[in-house]
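Biologist: I am new to this structure and would like to learn how to read it. Please give the general idea each time, then the case here.

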Amino acid sequence: MDGAAKPGGEWSLNQGSLEKFLSSLDPDPERAGEKYEAIRIQLIKFFDWRSVSFPEECADETITRVIRKIDDGESFRDISTYCFGVARMVYLESRKRPENRRVPLDDAPQIAAPAEVEEDEDERGHCLSHCLQELPLESRRIILKYYEDDRRRKIDNRAELAAALGIPLNALRSRAQRIRNKLEECVVGCLKKGVRKK
Amino acid sequence: MENSAEQEKQMRRYLLGEMPEGEMDALDARLFAEPEVFDRMWGVENDLIDNYVRDHLSRAERARFESHYLSTPEHRGRVSTARQFLRTLDEENRKEALEAAPKRRGIAEFFRIPNWGLTAGFATALLLTALWAGKLLLERDQLRNELALATAKPTPSRDQSMEELLAGERSRNEELIAELERLRVQKPETSPSLPSGAPASITFLLSSSLVRNEGNRMQELQIPPDAGLVRLKLPFTTGEYKKAQVSIRNVDAGPVWRQSGLNVQPGAGTSTVIAGVPAAKLPPGDYVLTLSGQTTAGEAEEIDRYSFRVLRGARPAR
(Lines give C-alpha, C1' and ligand atoms only; values in the text may rest on other atoms or scores of the structure.)
Protein backbone atom coordinates (compact mmCIF):
# COMPACT_ATOMS: atom_id res chain seq x y z
CA MET A 1 0.00 0.00 0.00
CA ASP A 2 1.37 3.38 -0.88
CA GLY A 3 -0.36 5.14 1.95
CA ALA A 4 -0.62 8.15 -0.26
CA ALA A 5 -4.35 8.61 0.21
CA LYS A 6 -5.52 10.13 3.45
CA PRO A 7 -8.73 8.96 5.01
CA GLY A 8 -11.36 10.82 3.07
CA GLY A 9 -9.54 10.29 -0.29
CA GLU A 10 -7.21 13.32 -0.21
CA TRP A 11 -3.79 12.61 -1.68
CA SER A 12 -0.58 13.74 -0.01
CA LEU A 13 3.08 13.36 -0.83
CA ASN A 14 4.94 10.74 1.14
CA GLN A 15 8.13 8.71 1.06
CA GLY A 16 6.60 5.86 -0.93
CA SER A 17 5.31 8.08 -3.75
CA LEU A 18 8.62 9.95 -3.88
CA GLU A 19 10.54 6.69 -4.23
CA LYS A 20 8.21 5.62 -7.02
CA PHE A 21 8.97 8.85 -8.83
CA LEU A 22 12.73 8.45 -8.36
CA SER A 23 12.73 4.87 -9.62
CA SER A 24 10.82 6.01 -12.72
CA LEU A 25 13.70 8.42 -13.41
CA ASP A 26 16.37 5.75 -13.09
CA PRO A 27 16.64 2.29 -11.47
CA ASP A 28 19.95 3.31 -9.86
CA PRO A 29 19.12 5.44 -6.78
CA GLU A 30 22.19 7.68 -7.10
CA ARG A 31 21.58 8.46 -10.78
CA ALA A 32 17.89 8.94 -10.01
CA GLY A 33 18.84 11.55 -7.39
CA GLU A 34 21.03 13.37 -9.94
CA LYS A 35 18.23 13.36 -12.53
CA TYR A 36 15.76 14.63 -9.94
CA GLU A 37 18.11 17.50 -9.09
CA ALA A 38 18.61 18.30 -12.79
CA ILE A 39 14.84 18.39 -13.44
CA ARG A 40 14.30 20.57 -10.38
CA ILE A 41 16.93 23.08 -11.53
CA GLN A 42 15.38 23.13 -15.02
CA LEU A 43 11.99 23.88 -13.51
CA ILE A 44 13.30 26.58 -11.17
CA LYS A 45 15.11 28.32 -14.02
CA PHE A 46 12.05 28.04 -16.27
CA PHE A 47 9.89 29.86 -13.72
CA ASP A 48 12.68 32.28 -12.96
CA TRP A 49 13.17 33.21 -16.63
CA ARG A 50 9.44 33.71 -16.90
CA SER A 51 9.77 36.20 -14.02
CA VAL A 52 7.46 34.22 -11.70
CA SER A 53 7.76 35.07 -8.02
CA PHE A 54 8.91 32.18 -5.79
CA PRO A 55 10.21 29.99 -8.63
CA GLU A 56 11.33 27.26 -6.21
CA GLU A 57 7.84 26.85 -4.82
CA CYS A 58 6.42 26.60 -8.33
CA ALA A 59 9.04 24.00 -9.24
CA ASP A 60 8.14 21.95 -6.14
CA GLU A 61 4.43 22.27 -6.96
CA THR A 62 5.13 20.97 -10.47
CA ILE A 63 7.10 17.99 -9.20
CA THR A 64 4.41 17.21 -6.62
CA ARG A 65 1.75 17.09 -9.34
CA VAL A 66 3.90 14.78 -11.49
CA ILE A 67 4.54 12.50 -8.51
CA ARG A 68 0.82 12.32 -7.90
CA LYS A 69 0.18 11.24 -11.49
CA ILE A 70 2.79 8.51 -11.20
CA ASP A 71 1.34 7.47 -7.88
CA ASP A 72 -2.07 7.18 -9.55
CA GLY A 73 -0.60 4.65 -11.97
CA GLU A 74 0.28 6.79 -14.99
CA SER A 75 3.49 6.12 -16.87
CA PHE A 76 5.36 8.39 -19.28
CA ARG A 77 7.76 7.85 -22.11
CA ASP A 78 9.63 11.02 -21.27
CA ILE A 79 9.26 12.46 -17.80
CA SER A 80 11.08 15.69 -18.75
CA THR A 81 8.53 16.50 -21.43
CA TYR A 82 5.66 15.69 -19.08
CA CYS A 83 7.22 17.91 -16.39
CA PHE A 84 7.36 20.73 -18.92
CA GLY A 85 3.67 20.33 -19.69
CA VAL A 86 2.75 20.49 -16.00
CA ALA A 87 5.14 23.43 -15.49
CA ARG A 88 3.36 25.38 -18.20
CA MET A 89 0.03 24.85 -16.43
CA VAL A 90 1.49 25.94 -13.10
CA TYR A 91 2.96 28.98 -14.87
CA LEU A 92 -0.37 29.96 -16.44
CA GLU A 93 -2.11 29.57 -13.06
CA SER A 94 0.57 31.69 -11.38
CA ARG A 95 0.08 34.54 -13.85
CA LYS A 96 -3.35 35.06 -12.43
CA ARG A 97 -1.87 35.76 -8.99
CA PRO A 98 -1.47 39.49 -8.27
CA GLU A 99 2.22 39.33 -7.26
CA ASN A 100 3.16 37.84 -10.62
CA ARG A 101 1.73 40.57 -12.79
CA ARG A 102 4.85 42.00 -14.37
CA VAL A 103 5.18 45.76 -14.19
CA PRO A 104 8.17 48.02 -14.78
CA LEU A 105 10.17 48.57 -11.64
CA ASP A 106 9.26 52.25 -11.37
CA ASP A 107 5.54 51.52 -11.62
CA ALA A 108 5.45 48.67 -9.10
CA PRO A 109 2.98 49.61 -6.39
CA GLN A 110 4.62 49.41 -3.00
CA ILE A 111 1.88 47.45 -1.30
CA ALA A 112 1.27 44.81 -4.00
CA ALA A 113 4.93 43.97 -4.60
CA PRO A 114 6.35 41.07 -2.55
CA ALA A 115 8.25 42.39 0.46
CA GLU A 116 11.94 42.77 -0.18
CA VAL A 117 14.38 42.29 2.61
CA GLU A 118 16.72 45.22 2.84
CA GLU A 119 20.35 44.47 3.43
CA ASP A 120 23.37 46.63 2.88
CA GLU A 121 26.08 45.93 0.35
CA ASP A 122 28.61 45.19 3.13
CA GLU A 123 26.53 42.32 4.44
CA ARG A 124 26.19 40.83 0.97
CA GLY A 125 29.92 41.27 0.47
CA HIS A 126 30.66 39.41 3.73
CA CYS A 127 28.31 36.61 2.77
CA LEU A 128 29.92 36.35 -0.65
CA SER A 129 33.44 36.18 0.82
CA HIS A 130 32.30 33.50 3.26
CA CYS A 131 30.60 31.49 0.50
CA LEU A 132 33.63 31.75 -1.81
CA GLN A 133 35.82 30.38 0.98
CA GLU A 134 33.39 27.50 1.44
CA LEU A 135 33.75 26.43 -2.19
CA PRO A 136 36.15 23.54 -2.94
CA LEU A 137 39.47 24.84 -4.27
CA GLU A 138 38.93 23.65 -7.82
CA SER A 139 35.42 25.09 -7.99
CA ARG A 140 36.75 28.42 -6.75
CA ARG A 141 39.49 28.38 -9.36
CA ILE A 142 37.04 27.53 -12.13
CA ILE A 143 34.59 30.27 -11.27
CA LEU A 144 37.27 32.94 -10.87
CA LYS A 145 38.88 32.11 -14.20
CA TYR A 146 35.66 31.53 -16.14
CA TYR A 147 34.10 34.89 -15.30
CA GLU A 148 37.31 36.89 -15.60
CA ASP A 149 36.67 40.11 -17.42
CA ASP A 150 38.65 40.41 -20.59
CA ARG A 151 36.25 41.05 -23.42
CA ARG A 152 38.66 40.34 -26.22
CA ARG A 153 40.17 37.18 -24.76
CA LYS A 154 37.16 35.80 -22.90
CA ILE A 155 36.53 33.00 -25.42
CA ASP A 156 40.23 32.07 -25.54
CA ASN A 157 40.48 32.14 -21.73
CA ARG A 158 37.54 29.79 -21.39
CA ALA A 159 38.91 27.46 -24.09
CA GLU A 160 42.27 27.36 -22.28
CA LEU A 161 40.56 26.60 -18.98
CA ALA A 162 38.54 23.78 -20.57
CA ALA A 163 41.73 22.34 -22.09
CA ALA A 164 43.55 22.58 -18.74
CA LEU A 165 40.70 20.67 -17.05
CA GLY A 166 40.46 18.15 -19.88
CA ILE A 167 36.75 18.76 -20.53
CA PRO A 168 34.83 20.15 -23.51
CA LEU A 169 33.82 23.82 -23.49
CA ASN A 170 30.13 22.92 -23.10
CA ALA A 171 30.85 20.89 -20.00
CA LEU A 172 32.91 23.74 -18.56
CA ARG A 173 30.08 26.20 -19.15
CA SER A 174 27.64 23.86 -17.42
CA ARG A 175 29.98 23.35 -14.49
CA ALA A 176 30.72 27.08 -14.07
CA GLN A 177 27.01 27.89 -14.11
CA ARG A 178 26.23 25.31 -11.45
CA ILE A 179 29.06 26.53 -9.24
CA ARG A 180 27.80 30.10 -9.64
CA ASN A 181 24.27 28.95 -8.84
CA LYS A 182 25.53 27.25 -5.65
CA LEU A 183 27.32 30.45 -4.73
CA GLU A 184 24.14 32.49 -5.21
CA GLU A 185 22.11 30.04 -3.12
CA CYS A 186 24.74 30.21 -0.38
CA VAL A 187 24.63 34.03 -0.39
CA VAL A 188 20.82 34.06 -0.22
CA GLY A 189 20.90 31.59 2.69
CA CYS A 190 23.57 33.61 4.48
CA LEU A 191 21.62 36.86 4.05
CA LYS A 192 18.46 35.23 5.41
CA LYS A 193 20.35 34.10 8.50
CA GLY A 194 21.66 37.63 8.94
CA VAL A 195 18.15 39.07 8.63
CA ARG A 196 16.72 36.59 11.15
CA LYS A 197 19.35 37.63 13.68
CA LYS A 198 18.33 41.29 13.42
CA MET B 1 17.57 28.45 -34.50
CA GLU B 2 20.53 26.15 -35.25
CA ASN B 3 23.32 28.73 -35.50
CA SER B 4 24.59 29.28 -31.92
CA ALA B 5 25.13 33.05 -32.31
CA GLU B 6 21.60 33.44 -33.72
CA GLN B 7 20.25 31.23 -30.94
CA GLU B 8 21.94 33.34 -28.28
CA LYS B 9 20.51 36.46 -29.85
CA GLN B 10 17.02 34.91 -29.56
CA MET B 11 17.71 33.97 -25.96
CA ARG B 12 18.64 37.55 -25.12
CA ARG B 13 15.34 38.67 -26.63
CA TYR B 14 13.56 36.08 -24.46
CA LEU B 15 15.26 37.27 -21.28
CA LEU B 16 14.67 40.94 -22.07
CA GLY B 17 10.96 40.31 -22.71
CA GLU B 18 11.17 41.17 -26.41
CA MET B 19 9.96 37.80 -27.75
CA PRO B 20 6.31 37.08 -28.63
CA GLU B 21 4.55 34.51 -26.41
CA GLY B 22 4.35 31.82 -29.12
CA GLU B 23 8.09 31.92 -29.77
CA MET B 24 8.74 31.81 -26.02
CA ASP B 25 6.62 28.66 -25.73
CA ALA B 26 8.62 27.01 -28.50
CA LEU B 27 11.91 27.87 -26.83
CA ASP B 28 10.57 26.67 -23.44
CA ALA B 29 9.91 23.23 -24.95
CA ARG B 30 13.48 23.07 -26.23
CA LEU B 31 14.85 24.06 -22.83
CA PHE B 32 13.36 20.89 -21.34
CA ALA B 33 14.05 18.58 -24.27
CA GLU B 34 17.64 19.64 -25.08
CA PRO B 35 20.09 20.02 -22.15
CA GLU B 36 22.55 21.97 -24.31
CA VAL B 37 19.91 24.59 -25.14
CA PHE B 38 19.11 24.89 -21.44
CA ASP B 39 22.79 25.39 -20.54
CA ARG B 40 23.24 27.92 -23.30
CA MET B 41 20.24 29.92 -22.08
CA TRP B 42 21.66 29.94 -18.58
CA GLY B 43 25.01 31.13 -19.93
CA VAL B 44 23.30 33.91 -21.87
CA GLU B 45 21.53 35.03 -18.69
CA ASN B 46 24.77 35.16 -16.69
CA ASP B 47 26.56 37.01 -19.49
CA LEU B 48 23.69 39.50 -19.68
CA ILE B 49 23.90 40.15 -15.94
CA ASP B 50 27.70 40.51 -16.04
CA ASN B 51 27.54 42.85 -19.03
CA TYR B 52 24.96 44.97 -17.21
CA VAL B 53 27.11 45.16 -14.08
CA ARG B 54 30.22 46.00 -16.12
CA ASP B 55 28.27 48.58 -18.15
CA HIS B 56 28.87 46.77 -21.44
CA LEU B 57 25.23 46.84 -22.61
CA SER B 58 23.94 49.28 -25.22
CA ARG B 59 21.68 52.01 -23.91
CA ALA B 60 18.58 50.31 -25.34
CA GLU B 61 19.48 46.92 -23.88
CA ARG B 62 20.27 48.50 -20.53
CA ALA B 63 16.88 50.20 -20.43
CA ARG B 64 15.16 46.95 -21.36
CA PHE B 65 17.16 45.01 -18.76
CA GLU B 66 16.19 47.47 -16.03
CA SER B 67 12.53 47.61 -16.95
CA HIS B 68 12.01 43.87 -17.58
CA TYR B 69 14.67 41.67 -16.03
CA LEU B 70 14.94 43.69 -12.82
CA SER B 71 11.19 43.57 -12.22
CA THR B 72 11.50 40.64 -9.77
CA PRO B 73 13.25 40.67 -6.37
CA GLU B 74 15.07 37.40 -7.19
CA HIS B 75 16.67 39.01 -10.26
CA ARG B 76 17.56 42.18 -8.38
CA GLY B 77 19.23 40.08 -5.69
CA ARG B 78 21.11 38.11 -8.34
CA VAL B 79 22.44 41.31 -9.92
CA SER B 80 23.55 42.63 -6.50
CA THR B 81 25.39 39.39 -5.84
CA ALA B 82 26.94 39.52 -9.32
CA ARG B 83 28.13 43.06 -8.68
CA GLN B 84 29.95 41.98 -5.50
CA PHE B 85 31.15 38.77 -7.12
CA LEU B 86 32.71 40.50 -10.13
CA ARG B 87 34.35 43.08 -7.92
CA THR B 88 35.86 40.27 -5.77
CA LEU B 89 36.84 38.36 -8.90
CA ASP B 90 38.65 41.37 -10.41
CA GLU B 91 40.53 41.89 -7.12
CA GLU B 92 41.51 38.22 -6.88
CA ASN B 93 42.73 38.13 -10.47
CA ARG B 94 44.72 41.33 -9.94
CA LYS B 95 46.39 39.78 -6.86
CA GLU B 96 47.12 36.61 -8.81
CA ALA B 97 48.72 38.57 -11.63
CA LEU B 98 50.96 40.41 -9.15
CA GLU B 99 51.95 37.20 -7.36
CA ALA B 100 52.64 35.43 -10.66
CA ALA B 101 54.80 38.26 -12.04
CA PRO B 102 57.90 37.71 -9.87
CA LYS B 103 57.78 33.92 -10.48
CA ARG B 104 58.05 34.50 -14.23
CA ARG B 105 61.38 36.21 -13.79
CA GLY B 106 64.27 33.85 -14.39
CA ILE B 107 67.74 33.44 -12.98
CA ALA B 108 68.94 36.42 -15.07
CA GLU B 109 67.05 38.69 -12.66
CA PHE B 110 69.33 37.53 -9.83
CA PHE B 111 72.36 38.99 -11.63
CA ARG B 112 70.68 42.17 -12.73
CA ILE B 113 72.50 45.37 -11.72
CA PRO B 114 70.31 47.20 -9.19
CA ASN B 115 68.93 50.66 -9.80
CA TRP B 116 71.01 52.72 -7.37
CA GLY B 117 68.85 55.78 -7.63
CA LEU B 118 65.79 53.83 -6.56
CA THR B 119 67.69 52.06 -3.78
CA ALA B 120 69.03 55.38 -2.47
CA GLY B 121 65.56 56.90 -2.50
CA PHE B 122 64.05 53.96 -0.65
CA ALA B 123 66.89 54.03 1.89
CA THR B 124 66.35 57.76 2.47
CA ALA B 125 62.64 57.21 3.06
CA LEU B 126 63.40 54.38 5.53
CA LEU B 127 66.00 56.48 7.34
CA LEU B 128 63.61 59.39 7.74
CA THR B 129 60.90 57.06 9.01
CA ALA B 130 63.33 55.53 11.53
CA LEU B 131 64.48 58.97 12.71
CA TRP B 132 60.91 60.17 13.08
CA ALA B 133 59.91 57.01 14.97
CA GLY B 134 62.93 57.38 17.28
CA LYS B 135 62.09 61.02 17.93
CA LEU B 136 58.50 60.08 18.79
CA LEU B 137 59.67 57.39 21.21
CA LEU B 138 61.97 59.83 23.03
CA GLU B 139 59.30 62.44 23.29
CA ARG B 140 56.79 59.84 24.48
CA ASP B 141 59.11 58.92 27.35
CA GLN B 142 59.57 62.59 28.18
CA LEU B 143 55.80 63.10 28.23
CA ARG B 144 55.33 60.07 30.47
CA ASN B 145 57.78 61.44 32.97
CA GLU B 146 56.09 64.78 33.00
CA LEU B 147 52.69 63.11 33.32
CA ALA B 148 53.94 61.16 36.30
CA LEU B 149 55.12 64.40 37.92
CA ALA B 150 51.86 66.12 37.11
CA THR B 151 49.87 63.28 38.67
CA ALA B 152 51.94 63.50 41.86
CA LYS B 153 51.62 67.25 42.24
CA PRO B 154 48.90 68.55 40.03
CA THR B 155 48.99 72.32 39.52
CA PRO B 156 47.06 74.40 37.03
CA SER B 157 50.25 75.82 35.50
CA ARG B 158 51.76 72.34 34.98
CA ASP B 159 48.54 71.06 33.29
CA GLN B 160 48.52 74.04 31.00
CA SER B 161 52.15 73.57 29.99
CA MET B 162 51.55 69.88 29.30
CA GLU B 163 48.67 70.69 27.00
CA GLU B 164 50.81 73.19 25.16
CA LEU B 165 53.56 70.60 24.88
CA LEU B 166 51.13 68.01 23.50
CA ALA B 167 49.71 70.47 20.97
CA GLY B 168 53.22 71.33 19.87
CA GLU B 169 54.13 67.66 19.45
CA ARG B 170 51.01 67.01 17.40
CA SER B 171 51.76 69.80 14.96
CA ARG B 172 55.39 68.65 14.64
CA ASN B 173 54.17 65.13 13.90
CA GLU B 174 51.84 66.44 11.22
CA GLU B 175 54.69 68.34 9.61
CA LEU B 176 56.86 65.22 9.57
CA ILE B 177 54.03 63.15 8.05
CA ALA B 178 53.54 65.77 5.31
CA GLU B 179 57.29 65.79 4.61
CA LEU B 180 57.35 62.01 4.36
CA GLU B 181 54.43 62.09 1.90
CA ARG B 182 56.25 64.66 -0.22
CA LEU B 183 59.27 62.37 -0.35
CA ARG B 184 57.05 59.48 -1.35
CA VAL B 185 55.66 61.50 -4.25
CA GLN B 186 59.17 62.06 -5.55
CA LYS B 187 60.28 58.48 -5.01
CA PRO B 188 57.59 56.06 -6.05
CA GLU B 189 57.11 53.11 -3.72
CA THR B 190 57.99 49.56 -4.65
CA SER B 191 57.04 46.33 -3.02
CA PRO B 192 59.75 45.52 -0.43
CA SER B 193 59.42 41.82 -1.05
CA LEU B 194 60.64 42.12 -4.65
CA PRO B 195 64.26 42.32 -5.78
CA SER B 196 65.35 45.99 -5.94
CA GLY B 197 65.08 47.71 -9.31
CA ALA B 198 62.23 45.44 -10.49
CA PRO B 199 58.82 46.67 -9.20
CA ALA B 200 55.61 44.87 -10.20
CA SER B 201 53.50 47.70 -8.82
CA ILE B 202 54.27 51.34 -8.45
CA THR B 203 52.44 53.98 -6.42
CA PHE B 204 51.97 57.65 -7.07
CA LEU B 205 50.33 60.32 -4.95
CA LEU B 206 48.38 62.65 -7.23
CA SER B 207 47.56 66.25 -6.47
CA SER B 208 44.30 67.83 -7.48
CA SER B 209 44.29 69.74 -10.77
CA LEU B 210 43.63 72.87 -8.74
CA VAL B 211 47.06 72.56 -7.18
CA ARG B 212 50.04 72.49 -9.53
CA ASN B 213 53.58 71.74 -8.46
CA GLU B 214 56.48 74.19 -8.66
CA GLY B 215 56.75 75.96 -12.01
CA ASN B 216 53.06 75.10 -12.73
CA ARG B 217 54.12 71.86 -14.52
CA MET B 218 51.75 68.92 -14.99
CA GLN B 219 52.43 65.98 -12.66
CA GLU B 220 54.59 63.40 -14.40
CA LEU B 221 54.41 59.70 -13.69
CA GLN B 222 57.49 57.75 -14.72
CA ILE B 223 56.21 54.19 -15.13
CA PRO B 224 58.94 51.53 -15.50
CA PRO B 225 58.44 49.22 -18.48
CA ASP B 226 57.99 46.12 -16.30
CA ALA B 227 55.41 47.66 -13.97
CA GLY B 228 52.22 45.60 -13.96
CA LEU B 229 50.02 47.76 -11.76
CA VAL B 230 49.97 51.51 -11.16
CA ARG B 231 48.45 52.50 -7.82
CA LEU B 232 47.18 56.05 -7.76
CA LYS B 233 46.57 57.64 -4.35
CA LEU B 234 43.97 60.37 -4.59
CA PRO B 235 43.59 62.61 -1.54
CA PHE B 236 40.62 64.93 -1.24
CA THR B 237 39.16 67.13 1.46
CA THR B 238 35.56 67.83 0.37
CA GLY B 239 32.54 65.73 1.26
CA GLU B 240 32.01 62.39 2.99
CA TYR B 241 31.68 59.31 0.85
CA LYS B 242 31.89 55.61 1.56
CA LYS B 243 32.48 54.53 -2.02
CA ALA B 244 34.01 56.24 -5.01
CA GLN B 245 34.43 55.84 -8.74
CA VAL B 246 37.48 56.67 -10.80
CA SER B 247 37.50 57.24 -14.55
CA ILE B 248 40.59 58.06 -16.59
CA ARG B 249 40.55 59.74 -19.98
CA ASN B 250 43.45 60.12 -22.37
CA VAL B 251 43.34 63.67 -23.67
CA ASP B 252 43.73 62.49 -27.27
CA ALA B 253 42.23 59.00 -27.31
CA GLY B 254 39.30 59.36 -24.91
CA PRO B 255 38.22 57.09 -21.99
CA VAL B 256 40.76 54.37 -21.15
CA TRP B 257 39.74 52.98 -17.77
CA ARG B 258 37.06 53.15 -15.12
CA GLN B 259 36.38 51.49 -11.80
CA SER B 260 33.58 51.97 -9.32
CA GLY B 261 32.92 50.73 -5.81
CA LEU B 262 36.32 51.82 -4.48
CA ASN B 263 36.63 52.21 -0.75
CA VAL B 264 37.25 55.67 0.68
CA GLN B 265 39.81 55.77 3.49
CA PRO B 266 38.86 58.56 5.90
CA GLY B 267 41.57 60.58 7.58
CA ALA B 268 41.96 63.70 9.72
CA GLY B 269 40.77 66.38 7.31
CA THR B 270 41.79 64.42 4.20
CA SER B 271 40.24 61.27 2.76
CA THR B 272 42.02 59.04 0.25
CA VAL B 273 40.98 56.74 -2.55
CA ILE B 274 43.46 54.27 -4.04
CA ALA B 275 42.88 53.09 -7.60
CA GLY B 276 44.89 50.21 -9.03
CA VAL B 277 45.23 50.71 -12.80
CA PRO B 278 46.87 48.12 -15.08
CA ALA B 279 50.03 49.76 -16.45
CA ALA B 280 49.04 48.65 -19.94
CA LYS B 281 46.09 51.08 -19.79
CA LEU B 282 48.46 54.05 -19.43
CA PRO B 283 50.72 54.35 -22.47
CA PRO B 284 52.73 57.62 -22.66
CA GLY B 285 50.45 60.64 -22.93
CA ASP B 286 48.39 63.17 -21.04
CA TYR B 287 45.47 62.07 -18.88
CA VAL B 288 42.65 63.48 -16.80
CA LEU B 289 41.41 61.41 -13.89
CA THR B 290 37.94 62.18 -12.53
CA LEU B 291 37.15 61.11 -8.98
CA SER B 292 33.45 60.81 -8.10
CA GLY B 293 31.90 59.92 -4.79
CA GLN B 294 28.74 57.93 -4.22
CA THR B 295 26.27 59.87 -2.09
CA THR B 296 23.96 58.22 0.44
CA ALA B 297 21.20 58.55 -2.17
CA GLY B 298 23.27 56.37 -4.49
CA GLU B 299 24.09 59.15 -6.96
CA ALA B 300 27.54 59.86 -8.37
CA GLU B 301 28.96 63.28 -7.52
CA GLU B 302 32.20 64.61 -8.97
CA ILE B 303 34.74 65.29 -6.23
CA ASP B 304 37.83 66.39 -8.11
CA ARG B 305 39.98 66.02 -11.19
CA TYR B 306 43.66 65.10 -11.43
CA SER B 307 45.79 65.78 -14.51
CA PHE B 308 48.98 63.90 -15.14
CA ARG B 309 51.42 62.91 -17.86
CA VAL B 310 52.72 59.37 -18.24
CA LEU B 311 56.31 58.87 -19.24
CA ARG B 312 57.86 55.48 -19.89
CA GLY B 313 61.39 54.10 -19.93
CA ALA B 314 64.29 53.96 -17.44
CA ARG B 315 63.91 56.02 -14.30
CA PRO B 316 65.84 59.32 -14.53
CA ALA B 317 68.79 59.76 -12.13
CA ARG B 318 68.17 62.20 -9.28
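Modeller: Begin with axes, which are lines fitted to C-alpha atoms, for helices over the stretch in contact, with angles running from 0 to 180 degrees between N-to-C directions. Helices (H or I, at least four residues) and strands (E, at least two) are DSSP runs, numbered from the N terminus. This is a predicted model, in which local features need pLDDT of at least 70 and side-chain atom pairs count only at pLDDT 80 or more, while totals for chains, interfaces and linings use all residues. Residues are numbered from 1 along each chain as its sequence is written, chains are lettered from A and ligands numbered from 1 in the order in which they are written, and side-chain values use heavy atoms, with hydrogens and water left out.

Biologist: At what angle do the axes of α1(B) and α2(B) cross?

Modeller: Two packed helices are described by the angle between their axes and the distance between the axes. Here the axes of α1(B) and α2(B) cross at roughly 115° and come within 11 Å. Contact means heavy atoms within 4.5 Å. Among the residues making it are Met11(B) and Tyr14(B) of α1(B), and Met24(B) and Leu27(B) of α2(B).

Biologist: How is the size of an interface given?

Modeller: It is often given as the accessible area lost when the parts come together. Buried area is that loss (1.4 Å probe) for two parts, summed over both. Between chain B and chain A about 4600 Å² is buried, and carbon and sulfur atoms give 54% of this. Phe32(B), Trp42(B) and Phe85(B) supply 18% of the area that chain B buries against chain A, more than any other three residues. The contact takes 45 residues from chain A and 46 from chain B.

Biologist: Why are Lys45(A) and Asp48(A) separated by about one helical turn?

Modeller: They are so placed because they lie three residues apart in helix α2 (residues 29–49) of chain A. Lys45(A) and Asp48(A) form a salt bridge, with the closest N and O atoms 3.6 Å apart.

Biologist: Where is Asn14(A) found?

Modeller: Asn14(A) is in the segment before α1 (15–25) of chain A. A polar contact is a pair of N or O atoms within 3.5 Å; within protein, one must be able to donate a hydrogen and the other to accept it, and residues adjacent in sequence count only if both atoms are side-chain atoms. The side chain of Asn14(A) makes one with the side chain of Ser17(A) at 2.9 Å.

Note on methods. A salt bridge is a side-chain nitrogen of Lys or Arg within 4 Å of a carboxyl oxygen of Asp or Glu.
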